[in-house]
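Trainee: Please take me through this entry, one topic at a time.

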Amino acid sequence: MTKMIIAIVQDEDSRRVIAKLMEADYRVTRLATTGGFLRVGNSTLIIGVEEEQLEDALAIIKSECVSRKQFMALPGTGPENMGLPLPVEVKVGGATVFVIDVDQFIHM
């Protein structure tokens, strides 16, 4: 059965993961997207694969999308900080991946 992989990756990782997927002969469509929580640039990758290719494609995504920590300024609340931004450490990177069964997959 054919599968569709939808992978949401941070823009910082997208070029590497796309290059590795293309080297392995996968076709990749990239959509520019924005994350809701951090409001930073993401790329949503759409990849069609046969079932026997699925684990290989997922391994490439996992190897190229690394998690890291960064500080982000969030608005403070309360009188003690007068609304000044507070630095908060957040985990970014990695990938959010959905795998969906596809009835038909056609290359034109």
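Mentor: Helices (H or I, at least four residues) and strands (E, at least two) are DSSP runs, numbered from the N terminus. The model is a predicted one, in which local features need pLDDT of at least 70 and side-chain atom pairs count only at pLDDT 80 or more, while totals for chains, interfaces and linings use all residues. Residues are numbered from 1 along each chain as its sequence is written, and side-chain values use heavy atoms, leaving out hydrogens and water.

Trainee: Where is the place of D25?

Mentor: D25 sits in the loop between α1 and β2 (28–34). D25 is a residue other than glycine, yet its phi is positive.

Trainee: Buried or exposed, that D25?

Mentor: Exposed, with a relative accessible area of 68%. Here buried means under 20% relative accessible area, exposed over 50%, and partly exposed in between, with a 1.4 Å probe and protein chains only.

Trainee: Back to α1 then. Which of its residues are buried?

Mentor: D13, S14, V17, I18 and L21 are buried in α1. They cover an arc of only 130° around the axis, so they lie on the same side of α1. The arc is that of the directions from the helix axis to the C-beta atoms. The face turned away from this buried side carries the exposed residues E12, R15 and E23.

Trainee: What does L21 touch?

Mentor: Leaving aside neighbours within four places in sequence, L21 is in contact (heavy atoms within 4.5 Å) with Y26, V28, I47, A57, I60 and I61.

Trainee: Which residues touch the most other members of the largest nonpolar core?

Mentor: I5, V17, L21, I47 and I61 do, out of 15 residues in that core. A nonpolar core is a set of buried Ala, Val, Leu, Ile, Met, Phe, Trp, Tyr and Cys residues joined through side-chain atoms within 4.5 Å. Two or more residues come from each of β1 (2–10), α1 (11–23), β3 (41–50) and α2 (54–64). The most come from α2, with 4 residues.

Trainee: New topic, the strands. How many bridges join β1 to β3?

Mentor: There are 9, and the two strands run antiparallel; two strands pair if DSSP finds at least two bridges between them. In this pairing, I6 has I46 of β3 as its bridge partner. β2 and β3 also pair in the antiparallel sense, over 7 bridges, and there R30 is partnered by L45 of β3.

Trainee: And salt bridges, how many?

Mentor: The count is 4, where a salt bridge is a side-chain nitrogen of Lys or Arg within 4 Å of a carboxyl oxygen of Asp or Glu. One of them joins D101 and K3 at 2.3 Å, N to O. D101 is in strand β6 (residues 95–102) and K3 in strand β1, 98 residues apart, so distant parts of the chain are linked. K3 is buried at 12%, whereas D101 is partly exposed at 47%.

Trainee: Which parts does the pair of R30 and D11 tie together?

Mentor: R30 lies in strand β2 and D11 in helix α1, so the tied parts are 19 residues apart in sequence. Their side chains meet at 3.7 Å, N to O.

Trainee: What about D13 and R16?

Mentor: Their side chains form a salt bridge at 2.6 Å, N to O. About one helical turn separates D13 and R16, because they are 3 residues apart in helix α1. D13 is buried at 0%, and R16 is partly exposed at 35%. A network of salt bridges links D13, R16 and E64.
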